[in-house]
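Please load the model in your viewer and keep the selection panel at hand. The tour goes stop by stop.

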Amino acid sequence: MSVNAQFPSHVKTRIAFVAEAPSYEEVEQGIPLIGPSGKVFNQMLRTANMDRYEFYVGNVFDEQLPKNDVGNWCVDLAVARSEGLTDLPPIGSKGFLKREHRYHLDRLRDEMELVKPDVIVPLGGTALWAFLGIDQITQYRGTVNAAKHIVPGAKLLPTFHPEHVKRQWKYYPVVVGDFIKALREADIGPQIVLPKRELLLEPHLKDIEQYMPRLLSSDLLSVDIETGWGQITCIGFAPDQEHAICIPFVDLRTPNRSYWSEEEELIAWN
């Protein structure tokens, strides 16, 4: 039994939320994201002041996965090579998607072309893989990327699957923040407009000296101190949203693991 995506009443949507596959409850009722993780999804939407029915909600696969594991629809590299399946990247350690299940990707592409979202929010690693070819959701969460598969060039803003939030509640505000960010990106439109940032790394003493007036004159200064091995490894300063300097003290590439000479470090601290 297949589970159809939930389309907004006006078809064209600002945001498309795409999860992995339907659960048992979703298969029974034919509606995506309505089971226990769906309740978390709805709650996060409400916290972000978003109405679910204004957006597309769907899955990469519209059938329940065997034992809820996409690995059961995958094969290893040796089989993938022999069957010509390596034109798509593997779903992480799960393997390469079998040919008989690839039609789901075509269906998803057709749905994306129908609703024409300004932003696609892949929920979890499998959804991220479907659009970007990578399932590393922790690394890419909350970042704007251009899709490489299904709808190449489409704006993506991936985040954790609601099931992940249900298991680790500390990620609830993280995902809510990503939903709010997706709204802001939708206001920009489908084009990807990356913010301009200037981060000064590995500065010389002269760079720090030249940067000091900007830091001291700022109305609001952001400071970030990183530690490790029982010491301060670096300190970052940002006088505004577009500029920052990172002053390192530890450098693992050097024999004594210090970025500065002893004399330079005293000057840098001062």
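How many disulfides does the count come to? The count is 0 disulfides, a disulfide being a pair of cysteine sulfur atoms within 2.5 Å.

Before the next stop, some conventions. The model is predicted: local features need pLDDT of at least 70, side-chain atom pairs count only at pLDDT 80 or more, and totals for chains, interfaces and linings use all residues. Residues are numbered from 1 along each chain as its sequence is written, and side-chain values use heavy atoms, with hydrogens and water left out.

Select C234 and C246. C234 is in no disulfide, and its nearest cysteine sulfur, that of C246, is 4.0 Å away. C234 is buried, with a relative accessible area of 17%; buried means under 20% relative accessible area, exposed over 50%, and partly exposed in between (1.4 Å probe, protein chains only). C74 is buried too, at 10%.

**Largest nonpolar core.** Select F17, M112, F131 and F179. Among the 58 residues of the largest nonpolar core, these four touch the most other members. Such a core is a set of buried Ala, Val, Leu, Ile, Met, Phe, Trp, Tyr and Cys residues joined through side-chain atoms within 4.5 Å. Elements that each supply at least two residues include β1 (15-19), α4 (103-115) and α8 (172-188); helices (H or I, at least four residues) and strands (E, at least two) are DSSP runs, numbered from the N terminus. The largest share, 7 residues, comes from α8.

Now centre on M112. Leaving aside neighbours within four places in sequence, M112 is in contact with A16, V18, Y56, P117, I120, F131 and V151, where contact means heavy atoms within 4.5 Å.

**Aromatic pairs.** The structure holds 10 aromatic pairs. Rings of Phe, Tyr and Trp (its six-membered ring) pair if their centres lie within 6.5 Å; planes under 30 degrees apart count as stacked, over 60 as edge-to-face and the rest as tilted.

- Select F17 and F55: the ring centres are 5.9 Å apart and the planes at 85°, so the pair is edge-to-face. F17 lies in strand β1 and F55 in the loop between α2 and β2, so the pair ties together parts 38 residues apart in sequence. Both F17 and F55 are buried.
- Select Y259 and W260: this pair is edge-to-face, 4.7 Å centre to centre with 85° between the planes. W260 is buried, with a relative accessible area of 5%.

**Charge over a ring.** Last, select R214 and Y211. The charged end of R214 sits over the ring of Y211, 5.0 Å from its centre; the rule asks for NZ of Lys or CZ of Arg within 6 Å of the ring centre and within 35 degrees of the ring normal.
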